[in-house]
Amino acid sequence: MQTKITGNRLHRILGHTAAVTFLAAAGTMGLHAQQSAGTAAALPPVNLKTSLAAPLNLSAPDDLGYSSSTGSAETANALDFNLNSDATQPPPRRRYSRPNYNDSRTNSDGSAKYTFLVGGGFTLPTGATHGALDTSWKLQAGVGRNFNKTFGVIAQFDYDNFGVNTSTLNNLLAIYNALGATDQNGNPLTQLGGTSHDWSFTLNPIVNYYTSDTKGAYVIGGAGFYHKTANFTVPTIGTACDFFGCFQFNANSTIDKYTSNAFGVNAGLGFTYKVSRFASTRLYVEGRYVYTFNSQRDFSLGDANGNGFNVFPQNSARTSYIPITFGLRF
């Protein structure tokens, strides 16, 4: 039993010794093969410390490992780059002037060459004019030429209406009755009506001293021709006929009328509001002071033929009033 165990142990020891001997021999053969290959083409040793300490020379680029045909040129361009050279700087920034919109309807600053206006409002007699006339309504229309956003000229027509106050009408009624005036039935007058108005053509320079996207303010003034009229009426009954017959209606009949022409001036302030940023239409409101240089004729009952009759000298007196206007500018 003991002899069998010893034989097995001896075989195991011999097997391990043979394996170690084989591995050692194989390793020795591989080392000799590597040394033999190195002697065939020996490479110089690499000294990392020396390579890092040497200066980098970019003037002679190594093209051996660069396959691109433009590599040398690109490297040269990079080496020659100079921030102080004008050739390598971007072009100077271009300066642009204001846009020019000048055409048949637009000025060079973008403003419209022409403007149109229409409006209406009321009149406020002032001074001595207020002693005979009352507040009433007005109409206005005009066309203008704008030379730029600030300055323009407007040709304008105005119709300013007035009422005649009660005390003036009562005084005239007494005068007409004293002179023997009668109505259509031959009776003394019991009622008298009267109106007055100025219509005018004027030329008005305008200065827009404030303008924004929606709001504006301006001063305006001018001069022109003023025609003043006063008309006095009495109630009458008229008759009209058509295919169905004749019928009567109430009407006013003129019994006296006065006119006066004069040169006049005006000046005032106005404000505008643009109804839309995408449209040129503006609402406007303005107030002006108007003064006309009428030549006053004296009170007169005229001659035997009625020539020179003038019982309303106020019509030929100098006139002053303030028209307030609301309207649209296009």
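Guide: We begin with a term: helices (H or I, at least four residues) and strands (E, at least two) are DSSP runs, numbered from the N terminus. This is a predicted model, in which local features need pLDDT of at least 70, side-chain atom pairs count only at pLDDT 80 or more, and totals for chains, interfaces and linings use all residues. Residues are numbered from 1 along each chain as its sequence is written, and side-chain values use heavy atoms, with hydrogens and water left out.

Visitor: Which strands each supply at least two residues of the lining of the largest cavity?

Guide: They are β3 (136-146), β4 (151-164), β5, β8 (282-292) and β11 (319-329). On a 1 Å grid over the protein atoms alone, a cavity is a set of points where a 1.4 Å probe fits but cannot get out, and a pocket is an open set with protein on both sides within 12 Å along at least five of seven lines; lining residues have an atom within 4 Å of a point.

Visitor: How many cavities of 30 Å³ or more does the structure hold, and how much space lies in the largest cavity?

Guide: There is one cavity of 30 Å³ or more, and the largest cavity has about 100 Å³ of space. For such figures, grid points are joined across faces, edges and corners, and a volume is the space filled by probe spheres set on the points.

Visitor: What lines the largest cavity?

Guide: Its lining has 15 residues, and Gln-156, Asp-158, Arg-288, Val-290 and Pro-323 lie nearest the centre. By type, the lining divides into four nonpolar, six polar and five charged residues. Here Ala, Val, Leu, Ile, Met, Phe, Trp, Tyr, Cys and Pro count as nonpolar, Asp, Glu, Lys and Arg as charged, and the others, Gly among them, as polar.

Visitor: Asp-158 is in that list. With which side chain does Asp-158 meet in a salt bridge?

Guide: The partner of Asp-158 is Lys-138, at 2.8 Å from N to O. Asp-158 lies in strand β4 and Lys-138 in strand β3, so this pair ties together parts that are 20 residues apart in sequence. A salt bridge is a side-chain nitrogen of Lys or Arg within 4 Å of a carboxyl oxygen of Asp or Glu.

Visitor: Are Asp-158 and Lys-138 buried or exposed?

Guide: Asp-158 is buried because its relative accessible area is 5%, and Lys-138 counts as buried because its relative accessibility is 3%. Buried means under 20% relative accessible area, exposed over 50%, and partly exposed in between (1.4 Å probe, protein chains only).

Visitor: What else does Lys-138 form a salt bridge with?

Guide: Lys-138 also forms a salt bridge with Asp-160, the closest N and O atoms being 2.6 Å apart. This pair links distant parts of the chain, with Lys-138 in strand β3 and Asp-160 in strand β4, 22 residues apart. Asp-160 is buried, as is Lys-138.

Visitor: How many salt bridges does a search of the whole structure find?

Guide: The search finds four. Among them is the salt bridge between the side chains of Glu-286 and Arg-288, at 2.8 Å from N to O. Glu-286 counts as buried because its relative accessibility is 3%, and Arg-288 is buried because its relative accessible area is 6%.

Visitor: Let us change topic. What lines the largest pocket?

Guide: The largest pocket, with about 710 Å³ of space, is lined by 25 residues, of which Ser-111, Asn-146, Thr-211, Ser-280 and Arg-282 lie nearest its centre. Two or more lining residues come from each of β1, β5, β6 (215-242) and β7. The most come from β5, with four residues. The lining divides into nine nonpolar, ten polar and six charged residues.

Visitor: Which strand gives the largest share of the patch?

Guide: The largest share, three residues, comes from β5. Phe-271 is in strand β7 and is partly exposed because its relative accessible area is 46%.
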